[in-house]
Amino acid sequence: MFDPVPWLILLPLVWGCLTFLTGVGRGGRLVLAGLIIQLVLTIILARQIVMEGARHYAVGGWGAPLGVDLYVDGLTGIMLLLTHVVALPLVVYARAYFSSQAEGASYFWPLTCFLLAAMNALFMSADIFNIYVTLELLGLAAVGLVAAAGSAGSVTAAIRYLLVTLLGSGAYLMGVALLYGTYGSVSLAVLEPLLATTEISAAACLAAMLMLAGLLLKTALFPFHFWLPPAHGGAPAPVSALLSALVIKASFYLILRLWFDLFAPLVTTQAAQLLGGLGAAAILWGSILAFNQTRLKMLVAYSTVAQIGYLFLLFPLMTSAIPGAAESAMQGGVMQLVAHALAKAAMFAAAGVMVLSAGKDDIALLGGMSSHLPLTLFTFALAGITLMGLPPSGGFIAKWLLIDSAVSGGQWGWVVVMILGGLLSAAYVFKVLRQAFLPPVAGIKFKPVIRMLEWPAFLLALISLLLGFRSVEVLNLLGAA
Amino acid sequence: MSGALIYACAGAVLFVFGVTGLILLPHLLRKILAFNIMGSGVFLVLVGLGQRDGTPDPVPQAMVLTGIVVAVAATALALALVRRLLSLTGKIQFPEESEGLGRCWKNK
């Protein structure tokens, strides 16, 4: 049987090295072809997971505890598929974007390939030290992408992002050191039964806190969100889309994994309530700040801060003892992850087109956009529908499942937060739409944009909208064990 | 207290120093140095705790080697970015208005 697992890590590394050879700013066509191959591989892998269940892969034939193990299950399959479905249209978009604006194009292609390789490796890692290495690879590639624009603002954002991500992974590595010192292994398959059967030690608790705190910092959960808006809002649009849609999801995926597998014997209801509370604060605070922005890309970046909050509501909801409530909380959280990735990629891509056309990143200058770029504005609105959680979008299914879980589990407070968050996201989306339908500001000349900029973003928004109809397939893959 | 535990405790202290410096120091070069001190602390804990009855365990030493490679790469990237910031703005600090958590309202 052909096994796509190692190729999903090797191939993007190969593309990354080859695009260095093609020269600065070139190689987009190669990456496009490479990503199509990888998408086919992930589909094959997802089918294998659904048919045969989760499995381990021993790199180079050396199994754990000596070698490095990779592990794929339903959640891994979803993350890999999501990564490629989001990245492929963004590559088409980036080729068009950098042909009209050279700023930030220089090392976009190799860095993007390394970013994808790091993410694929992270999703499939089965030992906590390997996860640390992939986290660092991901962070360094992402920082390079943020800095690529080269202006003082983006270099400042990149340095801040770099220091935050180093602090986060430093705390994570400290946790790994404590776990290795206590249990003598870094393999998740070995550690899980050890933690579950032995008495809980103080070292293990401290390790859990350090690792989770480091990952929360990288996921930019309120109040650790301060680094995200300048980094995501200041980067070139294709980079913002990649970072906001995928990179923060990688560290959230790790929190999900560690919380429910490795640290399951350690976590308490209070800790879950705390995460949910921070998530609720992120939803309200992020949405209010998004509404207050005057720059379009900063508004979209703050909306990411708010939407991350929804992901963390699944932790308190999962503690519910009512049968079914915990299950639908997990499904809702994963749906929110997928829907937000697609919608936010579309929204940042659409915002990038509007900023490119208006020549300046300012919401007040968007007047007249409705007649100049109707398709892009429509894309922005469709992505907004998913963020608000209106039917039939993927965001609707996600919020429906989360609210259903909260109601059946009797945790009414979270329902109020989710409904308020939906209203607030409607407020900031309509702020942009309203401005776009006003007459143009005197003296502004919109530049024409090429078609290939508009369609990939539209495709992403359409997928996020139609996800509502195909959510059963996604949830089936999640359930495949 | 065994020798190994002394190393681990020293590592923990270095880690705390590094984290404090990384958060509190305004000068970016000092922040980068603080990150390196934090990293060294983690490596000491890894090697110190990873001993079985006084005989060193090779696995954490291999991990520390990997960690050092990562730290060197990250330091190089950070230094390159700071040099770039210096040539663009003439300062080795974050701009005032975007410092800390309290800056949220000023972004309006």
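**Entry 1: who touches whom**

I count two residues as in contact when they have heavy atoms within 4.5 Å of each other. I kept in mind that this is a predicted model. With that rule, I found that the contact takes 41 residues from chain B and 38 residues from chain A.

**Entry 2: how much is buried**

I looked up the area next, since the size of an interface is often given as the accessible area lost when the parts come together. Between chain B and chain A, about 3500 Å² is buried, and carbon and sulfur atoms give 80% of that. On the chain B side, I noted that M63(B), L81(B) and F94(B) lose the most area to chain A, together 16% of what that side buries.

**Entry 3: charges and polar pairs**

How many salt bridges does the rule find across the interface of chain B and chain A? I got 0. For polar contact, I found 2 residue pairs across this interface, both at pLDDT 80 or more.

**Entry 4: the chain B side**

I then asked which helix supplies the largest share of the side of chain B that touches chain A. Helix 3 of chain B does, with 15 residues. Sorting the residues of that side by type, I got 30 nonpolar, 5 polar and 6 charged.

**Entry 5: a helix in chain A**

I finished with helix 11 of chain A, residues 269-292. Its 24 residues reach 35 Å from first C-alpha to last, close to the expected 34 Å. Among its buried residues I listed G276(A), G279(A), I283(A) and L289(A). The buried residues of helix 11 pack against several helices of chain A, including helix 8 (202-219), helix 10 (237-262) and helix 18 (412-437).

Definitions and conventions. Residues numbered from 1 in each chain as written. Chains lettered and ligands numbered in written order. Predicted model: local features only at pLDDT ≥ 70, side-chain atom pairs only at ≥ 80, totals over all residues. Heavy atoms only, no water. Buried area = accessible area lost by both parts, 1.4 Å probe. Salt bridge = Lys/Arg side-chain N within 4 Å of Asp/Glu carboxyl O. Polar contact = N/O pair within 3.5 Å; in protein donor to acceptor, adjacent residues only side chain to side chain. Helix = DSSP H or I, 4+ residues; strand = E, 2+ residues; numbered from the N terminus. Nonpolar A, V, L, I, M, F, W, Y, C, P; charged D, E, K, R; others polar. Expected span 1.5 Å × (residues − 1). Buried < 20%, exposed > 50% of the residue type's maximum accessible area, 1.4 Å probe, protein only.
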